[in-house]
Amino acid sequence: MPPTISATDRPLEKLTADAVVVGIGKGPDGLLPTPGSDAVDRLLGGRLMAALADLGARGGEDEVTRLATFGQGPFPVVAVAGLGAPQADGGYPTDAVRRASGAAARALTGRASVVSLLAAVGGAPDDERLHAVGEGALLGSYEFTAYKSALPADRPTPPRSFELVVPDAAGAKGALARVRAVADAVALTRDLVNTPPNDLPPAELAARGAAAGKKAGLSVEVLDEEQLAAGGYGGILAVGGGSTRGPRLLRLTYRGRRARRSVALVGKGITFDSGGLSIKPALHMEDMKSDMAGAAAVIATVCLVAELGLPVDVTATVPMAENLPSGSAYRPADVVTFRNGKTAEITNTDAEGRIVLADAIARAAEDSPDYLLETSTLTGAQTVALGGRTAGVMGTDELRDAVVAAGTRAGEPMWAMPLPAELRRGLDSATADFVNANPDRLGGMLVGAHFLAEFVPDGLPWAHIDVAGPAYNTGSAWGCTPKGGTGTPVRTLLATIEELARS
């Protein structure tokens, strides 16, 4: 069961839990206290800061120092989470608070109940700070244990409850309801991404997405191989042709009350990517179970929009296929005809994401949405350019920049990237309308976006979010981000849609 989260405005000395969380800053001359750390320091007789100094605490981000209170307070353990350097106004960035909350939740494995004073940290409006603390706590306590055959009954587990100390507990209920909904959507995305590919073929991913959609009250449509062929989805069928587990197209539709805007979501759902006949190296191929992270994110996002009841229409169009080599696999030199009649010469079967997305974007555009947001683990070039934590965003300038700003607010780093016209020439084909991959590796992330742009109608604002690195953390956990599926970019998509709904 996921942990519970609540708010309280009772005095600290009247609260009991297995641990209390406070924040501490990093100053040029040492540690910087916060209102929360000051409150705990008073309960401990003024000994907290000296103890932290003795333990070598520096207040840096992702640093958590745990101390025993030896009966000097109502909590047996104090977890002091580093916030990094303060801003010019003395407060701390919202995402620093979110990361501190997540790092503390991970550090308190084995403690059932936690009281957090991080909402007292300055630097952001109360609701924004409360969202950050709550999201950090819930996301930081995530774990994926579905495939553990035997879990000891006494094993240390993440905290089961978080109580946030705020000035007005009754007024925080609405904010915490949103926090709960967002955390559940991110957890759904993480669960799907972490599921082994033998248990998540396209049909199963479609079924799980359809079940989530029905639970959220959405209209659901699933197309199988015969329906895809009848509908002219040549790209999805080509990529899925190498597997005995056939492709699918999932459509989830939410109609918001008093909606003035419509948003199309598209997410790449390659349930496993071997590279096809252009096969990948064996090293790290196991990470390719995450190649459906974009699909998982848009499924979770449209369900989240419905749960929050946003005044906007949203339809998710999700292509799903397994890219495997076999006698029936598509080949380099094949020509694929897409739903909108355009054709592509295949030069690399490992550039398959754009092939299934082309059909999905073409279908999504038929609904005449006001905006189109697409996300995918599209290119390894994204990680070369921006690393494993920052997504690249391309598309029409205004919407691209709105997505980047939303990512900043949500705590999912994004970076605006251009679409230089000269890179489009690398997709020219003597045989078809274009090739699917340029043998020149320069600007690979941008070339991938140029391919997708061929399927976006003129005048439709669109953004492509390449999350090849950020969607799947192959390193150690940090902040509220676990190893494995991260749930990126659910929070960015939600923040973008909320902003579009207000426009």
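The mean positions of the 47 positive and 57 negative charges of the protein chain lie 4 Å apart. Lys and Arg are counted as positive and Asp and Glu as negative, while His and the chain ends are not counted; each charge is placed at NZ of Lys, CZ of Arg, CG of Asp or CD of Glu. The model is a predicted one, in which local features need pLDDT of at least 70 and side-chain atom pairs count only at pLDDT 80 or more, whereas totals for chains, interfaces and linings use all residues. Residues are numbered from 1 along each chain as its sequence is written, and side-chain values use heavy atoms, with hydrogens and water left out.

The overall dimensions come next. The C-alpha trace of the protein chain spans about 80 × 50 × 45 Å along its principal axes. The protein chain exposes about 19900 Å², of which carbon and sulfur atoms supply 52%, as computed by the Shrake-Rupley method with a 1.4 Å probe, where for residues only the protein chains shown count as cover. Of the 503 residues, 56% count as buried. Buried means under 20% relative accessible area, exposed means over 50%, and partly exposed lies in between (1.4 Å probe, protein chains only). Among contacts with a separation of 6 or more, 75% are between residues 24 or more positions apart, a contact being heavy atoms within 4.5 Å.

The secondary structure comprises 15 helices and 21 strands. These are DSSP runs numbered from the N terminus, helices being H or I with at least four residues and strands E with at least two. Strand E14 (residues 343-345) runs parallel to E18 and is joined to E18 by 2 bridges. Ala-344 stands opposite Phe-434 in E18.

Helix H14 is largely enclosed by the rest of the structure, because 9 of its 10 residues are buried. Among these buried residues are Met-445, Leu-446, His-450 and Phe-451. The loop between helix H14 (444-453) and strand E19 (462-466) contains Pro-457, which is partly exposed at 36% relative accessibility. The C-alpha atom of Pro-457 is separated by 8.4 Å from that of Ala-362, although the two residues are 95 residues apart along the chain.

Most residues other than glycine have a negative phi, and most peptide bonds are trans. Arg-258, although not a glycine, has a positive phi of about 55°. Arg-258 lies in the loop between strand E9 (248-254) and strand E10 (262-267) and is exposed, at 68% relative accessibility. Ala-333 likewise has a positive phi, near 90°. Its place is in the loop between strand E12 (313-323) and E13, and Ala-333 counts as exposed at 55% relative accessibility. A cis peptide bond, with omega of about 5°, joins Thr-488 and Pro-489. Pro-489 is found in the loop between strand E21 (484-485) and helix H15 (490-502).

Technical notes:
Pairing = 2+ DSSP bridges.
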